[in-house]
Amino acid sequence: MSIKNKNTKEHDVKTHNQREKFLERTRNILEKNKIFFEIFSSVLLALMSITISIVSLALNKRSTEVYEKQLEILENDREPYFTMECKPINGSFEESDYCFTKKLYTITNIGGLISDAYLLEVETWLEIRIPNPESGQLSTYRICFTDLFEKTEGIISLYNEESKEFNFYSRENDKLDKIIHELEIELNKTYSEKNNDWTHTVHISYRDIIIIEYVNYKNESYHQIYQFGNEGKMFLMQDDFLKKSIFLCSINFNENTDKIIQEICKELSTKTGLTINKTAQRKKSFSTFEQNKKEAVSLAKRYLSTMPFSYDGLVEQLETVDNFSHAEAIYGVDNCGADWNEQAVKQANNYLGFSAYSHDKLVENLKLYEKFTHEQALYGADNCGANWNEEAARLAMNYLRTTSFSKNELIKLLEQEGFTHEQAVYGAEQNGY
């Protein structure tokens, strides 16, 4: 073996031994510090976890703040949505031969943010629809009664920003209903004389109206007209109605009933060009009970030729408007040949021509306001030809014109109006849900 090879081999052995010694020392050091490294690793992992948690919390907080801000913007940006509560107040007072009861109304905004809001006016609008022979359409005239409501702040009622509400009072009695009945009779007499071949009749109804001016959170000013609705709802009136109706005049509701009717007839005469008879209240001059009974029969038939009545409603009409005795009015109604079920059907169709109703709500109105018996009201609702699914869709559309609802909220509202669950679901789905 050469000296060179021998030295190389010795060097390799020496290097190998040194490596082994280094590895051995390293193993000993690692073995001795094993626990330290394990603890250090655990601490490091814990610190990393804490750091990640803190960052996550910060991100979540920021996301929550952004989300809440977006919700706040969306909430404030919504249209105002008003609900109404009505509470009777104890006591009553007499005025112009009528006894009034007083009620407190509270209108609360549960919709978008508004400020600097004012209740400009609370009025009752009388709507008179008169057949027009030339156009074949109904012309609608609008009259404003300004004294059925009292506001708490004099000329205007200020918006309470803290509780988001207005407060005002109404004075309720049966005078308005009597005015409407007498005016319908007077106008139908005149128009039937001038248009014997005309099949339509004069129809009068009313709306309670609230005019509100407000500024939203974007400092945008709005002037809107709302209508009282059922179940404490407020409906934004469409400009369409205002454009299609003709304003006649404003009338003080505290005036004498005959004077109110004469003033309305005068304004209509001016607008239509038709001279309206200002017939005073009928005074009976018949000498015998038999003559009075015949006259009651004749007048009852005339009433039924122009508008539908219930039995009790027609008796009341003959007594209060035409001064027949109770016995004479009963005889006239008993012998006028009316089918009260059919009268209920006609009245049901009148209601459906004006608004959307469920079967149960229509029955309720026929009983409560038109004085039909329960059986007659049921017959009227059952035989008026209404499609209750479509009525639910119509009412749902009316709700959605003023504010937005979720599907479940809309279904619940329709159910509160007397629709079945299936009808309410149909009504919502027909409006895009």
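Modeller: Gladly, and please keep in mind that this is a predicted model. Let us begin with contacts in the protein chain between residues at least 6 apart in sequence: 65% of them join residues at least 24 apart.

Biologist: What does the secondary structure of the protein chain come to?

Modeller: There are 14 helices and eleven strands. Of the 433 residues, 38% count as buried. The chain exposes about 25,200 Å², and carbon and sulfur atoms supply 50% of that area.

Biologist: Thanks! What makes strand 8 mostly covered?

Modeller: Strand 8 spans residues 203-216, and eleven of its 14 residues are buried.

Biologist: How do you know that strand 8 and strand 9 pair?

Modeller: The cut-off is at least two bridges between the strands. Strand 8 and strand 9 (residues 221-228) are joined by seven, so they count as paired. The two run antiparallel, and I211 stands opposite I225 in strand 9.

Biologist: Why is the contact of R207 with E127 called a salt bridge?

Modeller: A side-chain nitrogen of Lys or Arg has to lie within 4 Å of a carboxyl oxygen of Asp or Glu. For R207 and E127 the closest N and O atoms are 2.0 Å apart, so the pair qualifies. The partners come from distant parts of the chain, 80 residues apart: R207 is in strand 8 and E127 in strand 3 (residues 114-132).

Biologist: And are those two residues buried or exposed?

Modeller: Buried means under 20% relative accessible area. R207 has 14%, so R207 is buried. E127 has 2%, so E127 is buried too.

Biologist: How many salt bridges does the count come to?

Modeller: Six by this rule. Another one of them joins the side chains of R394 and E391, with 2.9 Å from N to O.

Biologist: What separates R394 and E391 along helix 12?

Modeller: About one helical turn, because they are three residues apart in helix 12 (residues 388-400). As a general point, an α-helix has 3.6 residues a turn, so residues three or four places apart point the same way.

Biologist: Why is R394 called partly exposed?

Modeller: The label covers values between 20% and 50%. R394 has a relative accessible area of 31%, so R394 falls in that range. E391, by contrast, has 7% and is therefore buried.

Biologist: Which residue does E429 meet in a salt bridge?

Modeller: K407, with 3.3 Å from N to O. E429 lies in helix 14 (residues 421-429) and K407 in helix 13 (residues 407-416), so the pair ties together parts that are 22 residues apart in sequence. E429 is partly exposed at 41% relative accessibility, and K407 is partly exposed at 30%.

Biologist: Which residues of helix 14 are buried?

Modeller: Q423, A424, V425, G427 and A428 are. The buried residues of helix 14 pack against helix 12 and helix 13.

Biologist: Let us turn to the nonpolar cores. Which residues have the most contacts inside the largest one?

Modeller: That core has 40 residues, and the ones with the most contacts inside it are L126, I128, F168, L183, I210, F228 and I264. Strand 3 gives the core its largest share, seven residues. There is also a second, separate core of 17 residues, with L299, Y303, V321 and A329 among them.

Biologist: Last topic, aromatic rings. How many aromatic pairs are there?

Modeller: The count comes to five by this rule.

Biologist: Why is the pair of Y311 and W340 called edge-to-face?

Modeller: Two cut-offs matter here: the centres must lie within 6.5 Å, and planes over 60 degrees apart count as edge-to-face. The ring centres of Y311 and W340 are 5.6 Å apart and their planes stand at 80°, so the pair meets both. Y311 lies in helix 7 (residues 311-320) and W340 in helix 9 (residues 340-354), so parts 29 residues apart in sequence are tied together. Y311 is partly exposed at 23%, whereas W340 is buried at 14%.

Biologist: And what makes Y399 and F405 edge-to-face?

Modeller: Their ring centres are 6.2 Å apart and their planes are at 70°, so this pair passes as well. Y399 and F405 are both buried.

Methods
Residues numbered from 1 in each chain as written. Heavy atoms only, no water. Buried < 20%, exposed > 50% of the residue type's maximum accessible area, 1.4 Å probe, protein only. Helix = DSSP H or I, 4+ residues; strand = E, 2+ residues; numbered from the N terminus. Contact = heavy atoms within 4.5 Å. Areas by Shrake-Rupley, 256 points an atom, 1.4 Å probe, with all protein chains shown as cover. Core = buried A, V, L, I, M, F, W, Y, C linked by side-chain atoms within 4.5 Å. Phe/Tyr/Trp six-rings, centres within 6.5 Å; stacked < 30°, edge-to-face > 60°.
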